[in-house]
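Take a look at the model below. We will start with one term, then walk through the fold step by step.

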Amino acid sequence: GPPARGSLSLHRAFLRSPLGLLRLGQLVLGAAFWVTVAAHKYEGAAHFALFAAVLIWLLTLALFGLSLLGRWELVPWLGSRWLLTNLVHDLALGVGLYAAATGIMGHKAKQRSFCNLPGYSQHCLYSAYLSASICGGITACLYLFSGLYCLLRRCQDQRDII
């Protein structure tokens, strides 16, 4: 279980758990996705992709921080349902929004594929959009794996994330 309520220390068991490692991967690849999109010119549906990626990244950061410190019971209503909270976050929000963002960036990369030809002298966003869609696809898979991990724990009648 988490550390005692009075102490503020790292919950090392969470860091070594499959969910902790998946969360670290989600944070790193999620940041790579939204930094790649934000660092380049974007328009249209890419605004939604950037919004979705940053929103999920911030929510994941909050879940990771609370889980790492073992302080999820401080969150009203959700703290007592922490495994279910993680499950819904991963499968509904993480997979759903990252799949949509990945599709948007993949479509934008396909639209810009002409500028990847040799001899094209204008600024080309193809590589940035393709990189973002690859990061987004891998991140969506990480959310799927963590969601399935939480679902498996829930089906085994376990109430904790570790």
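Contact means heavy atoms within 4.5 Å. Keep that cut-off in mind. Q26, not counting residues up to four places away in sequence, touches A31, W57, T60, T139, L142, Y143 and S146.

A word on where this comes from. This is a predicted model, in which local features need pLDDT of at least 70, side-chain atom pairs count only at pLDDT 80 or more, and totals for chains, interfaces and linings use all residues. Residues are numbered from 1 along each chain as its sequence is written, and side-chain values use heavy atoms, with hydrogens and water left out.

Now the overall plan. The protein has 5 helices and 0 strands. Here helices (H or I, at least four residues) and strands (E, at least two) are DSSP runs, numbered from the N terminus. Along the sequence, the pattern reads α-α-α-α-α. The C-alpha trace spans about 65 × 30 × 25 Å along its principal axes.

What share of the 162 residues counts as buried? The value is 40%. Buried means under 20% relative accessible area, exposed means over 50%, and partly exposed lies in between (1.4 Å probe, protein chains only). The protein exposes about 8,500 Å². Carbon and sulfur atoms supply 69% of that area. Accessible areas come from the Shrake-Rupley method with a 1.4 Å probe; for residues, only the protein chains shown count as cover.

Next, look at contacts along the chain. Take those between residues at least 6 apart in sequence. Of these, 76% join residues at least 24 apart.

How do the helices pack? Two packed helices are described by the angle between their axes and the distance between the axes. Axes are lines fitted to C-alpha atoms, for helices over the stretch in contact, and angles run from 0 to 180 degrees between N-to-C directions.

Begin with α2 and α3. Their axes come within 9 Å and cross at roughly 150 degrees. The two helices are therefore roughly antiparallel to each other. The cut-offs are simple: angles under 35 degrees count as roughly parallel, over 145 as roughly antiparallel, 65 to 115 as roughly perpendicular and the rest as oblique. The crossing of α2 and α3 is left-handed. A crossing is left-handed if the near helix is turned anticlockwise from the far one by less than a right angle, and right-handed if clockwise. On the α2 side, the residues in contact include L24, Q26, L27 and W34. On the α3 side, they include W57, T60, L61 and F64. By class, this contact has 16 nonpolar, 4 polar and 1 charged residues. Ala, Val, Leu, Ile, Met, Phe, Trp, Tyr, Cys and Pro count as nonpolar, Asp, Glu, Lys and Arg as charged, and the others, Gly among them, as polar.

Move on to α3 (residues 46-69) and α4 (residues 82-111). Their axes come within 9 Å and cross at roughly 155 degrees. That makes α3 roughly antiparallel to α4. Their crossing is left-handed. The contact of α3 with α4 holds 18 nonpolar, 6 polar and 1 charged residues.

Then comes α2 (residues 18-38) against α5 (residues 126-155). They pack at an angle of about 160 degrees, with their axes 9 Å apart. That makes α2 roughly antiparallel to α5. α2 passes α5 in a left-handed crossing. Their contact divides into 16 nonpolar, 9 polar and 1 charged residues.

Now zoom in on single residues. Back to Q26, which lies in helix α2. Is Q26 buried or exposed? Q26 is buried, with a relative accessible area of 1%.

G136 sits in helix α5. G136 is buried too, at 0% relative accessible area. Leaving out residues up to four places away in sequence, G136 touches F33, Y98 and T102. The C-alpha atoms of G136 and W34 are 8.9 Å apart, yet 102 residues separate them along the chain.

H11 belongs to the segment before α1 (12-16). H11 counts as buried, at 4% relative accessibility. H11 and S67 are 56 residues apart in sequence and 7.4 Å apart in space, C-alpha to C-alpha.

A45 is in the loop between α2 and α3. A45 is partly exposed, with a relative accessible area of 41%.

Finish with D157, in the segment after α5. D157 is exposed, with a relative accessible area of 71%. Most residues other than glycine have a negative phi. Phi of D157 is near 60 degrees, a positive value.
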